[in-house]
Amino acid sequence: MSDRSMVLVLSCPDRPGIVSAVSSLLFEAGCNILDAQQFDDTETGQFFMRVVFDRLEQAKSEAEIAASIEELAKRVAMTFTLRQSSAKKRTMLLVSKFDHCLTDLLYRWRIGELDMEVTAIVSNHDREHLASTDLGGLPFHHFPVTKQTKMEQEARIWQLVQETNTDLVILARYMQVLSDGLSAKLSGRCINIHHSFLPGFKGSKPYHQAHERGVKLIGATAHYVTSDLDEGPIIEQDVERISHRDTPDDLVRKGRDIERRVLARAVRHHLEDRVVLNRKKTVVFTG
């Protein structure tokens with residue numbers, strides 16, 4: 001995308017004429033719409049829209065376009081975000097001992113699949129536990145944590161988020177439950193990945209528990225973090241069939257693959273402004 005390309009994402013109570021109003025506003029501002037997606041949630045009465053547009057040579061400035069959208073927002077009780085398509089979200093990755101999701105995200109970032117700027121890698125374990133992961137000189141922070149030091153450790157994480165102007169925090173198999181306070185501060189900009197089974201298996205060795213119960217499907221869920229453990233608005237999910245022939249190690253291996261691809265898709269959706277919160281769920285405008 002060029003520096004003149006922008007992304008507008010909006011939501012408001014549904015009413016006739018919103019699409020026309022947005023299209024007319026951008027036309028009058030000297031813009032050309034490249035892509036537009038919309039969704040009307042008939043259950044909640046909310047309208048959602050994502051528009052990608054180019055500012056042509058004689059177009060109004062970004063500030064003037066933002067001011068026009070702000071005027072429309074006041075008239076129709078609309079919330080919106082507007083940014084340059086080329087603007088990279090500043091992203092922090094939190095990880096514990098399991099590095100498969102971290103390694104995958106860094107690989108996708110390096111080949112240009114995930115258009116983000118990595119601000120830091122944070123772990124509650126020292127760097128030796130990530131010896132097989134190429135951090136490539138990225139800032140690494142070891143913030144150990146115990147039950148007694150949890151609040152202090154989270155304060156250090158939050159301070160780092162602020163100091164680095166981080167836009168998005170990814171829990172890339174970070175095996176610590178965030179407190180209600182930190183979850184609230186990161187609302188709508190912290191993504192977690194976890195296994196997804198029917199029935200649900202909590203605690204240690206979930207894949208071994210699933211094997212003992214003879215489950216036929218395993219999966220993974222990526223969602224926004226809230227104070228309710230693993231129950232935040234879902235962004236992406238996937239599953240894979242298994243059989244009685246699969247051992248616990250097979251489930252762990254297959255589970256790693258699902259977690260990697262589900263988290264990567266969720267992160268990409270967020271980076272491209274494709275996810276809009278809709279109460280306890282999300283609207284995801286896939287490409």
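Author: The model is a predicted one.

Reader: Is N192 buried or exposed?

Author: A residue counts as buried when its relative accessible area is under 20%. The relative accessible area of N192 is 11%, so N192 is buried.

Reader: Which residues is N192 in contact with, leaving aside its neighbours within four places in sequence?

Author: Leaving aside the neighbours within four places in sequence, its contacts are L171, T221, A222, H223, V225 and D230.

Reader: What is the volume of the largest pocket, and which residues are the closest to its centre?

Author: The largest pocket has a volume of about 1000 Å³. Its lining is made up of 38 residues. Of these, the closest to the centre are R173, M175, H194, H195 and D230.

Reader: Which element gives the most to the lining of the largest pocket?

Author: The elements that give two or more residues to this lining are α5 (180-185), β9 (190-196), α6 (206-213), β10 (217-224) and α7 (248-271). The element that gives the most, with five residues, is β9.

Reader: Why do the buried residues of α6 line one face of the helix?

Author: The buried residues of α6 are P206, Y207 and A210. Seen down the axis of α6, they line one face of the helix because they fall within an arc of 100 degrees.

Reader: What covers the buried residues of α6, and which residue follows this helix?

Author: The cover over the buried residues of α6 includes β9, β10 and α7. Phi is positive, near 70 degrees, in the residue that follows α6, which is G214.

Reader: Where is A264, and which residues does A264 touch, not counting residues up to four places away in sequence?

Author: A264 has its place in helix α7, and this residue is buried, with a relative accessible area of 5%. A264 and I193 are 71 residues apart along the chain, and 9.8 Å separates their C-alpha atoms. Not counting residues up to four places away in sequence, A264 touches D104, L105, R108 and L114.

Reader: What is the volume of the second largest pocket, and which residues are the closest to its centre?

Author: The second largest pocket has a volume of about 370 Å³. Lined by 18 residues, this pocket has as the closest to its centre V9, T81, V275, V276 and L277.

Reader: Which element supplies the largest share of the lining of the second largest pocket?

Author: Two or more residues of this lining come from each of β1 (5-13), β4 (79-84), α7 and β12 (275-278). The lining divides into eight nonpolar, six polar and four charged residues. The largest share, five residues, comes from β4.

Reader: Where is A77 found, and what is its phi?

Author: A77 is found in the loop between α2 and β4, and its relative accessible area of 54% makes this residue exposed. In a residue other than glycine, its phi has a positive value, near 55 degrees.

Reader: Where is R279 found, and is R279 buried or exposed?

Author: R279 is found in the loop between β12 and β13 (281-284). Its phi is near 60 degrees, a positive value in a residue other than glycine. Exposed means over 50% relative accessible area. At 66% relative accessibility, R279 therefore counts as exposed.

Reader: How many aromatic pairs does a search of the whole structure find, and what is the angle between the planes?

Author: The search finds one aromatic pair. The pair is formed by F39 and F48, at 6.3 Å centre to centre. F39 counts as partly exposed, at 36% relative accessibility, whereas F48 is buried, at 1%. Planes under 30 degrees apart count as stacked, and this pair is stacked, with an angle of 25 degrees.

Terms used: Residues are numbered from 1 along each chain as its sequence is written. This is a predicted model: local features need pLDDT of at least 70, side-chain atom pairs count only at pLDDT 80 or more; totals for chains, interfaces and linings use all residues. Side-chain values use heavy atoms; hydrogens and water are left out. On a 1 Å grid over the protein atoms alone, a cavity is a set of points where a 1.4 Å probe fits but cannot get out, and a pocket is an open set with protein on both sides within 12 Å along at least five of seven lines; lining residues have an atom within 4 Å of a point. Grid points are joined across faces, edges and corners, and a volume is the space filled by probe spheres set on the points. Helices (H or I, at least four residues) and strands (E, at least two) are DSSP runs, numbered from the N terminus. Ala, Val, Leu, Ile, Met, Phe, Trp, Tyr, Cys and Pro count as nonpolar, Asp, Glu, Lys and Arg as charged, and the others, Gly among them, as polar. Buried means under 20% relative accessible area, exposed over 50%, partly exposed in between (1.4 Å probe, protein chains only). The arc is that of the directions from the helix axis to the C-beta atoms. Contact means heavy atoms within 4.5 Å. Rings of Phe, Tyr and Trp (its six-membered ring) pair if their centres lie within 6.5 Å; planes under 30 degrees apart count as stacked, over 60 as edge-to-face and the rest as tilted.
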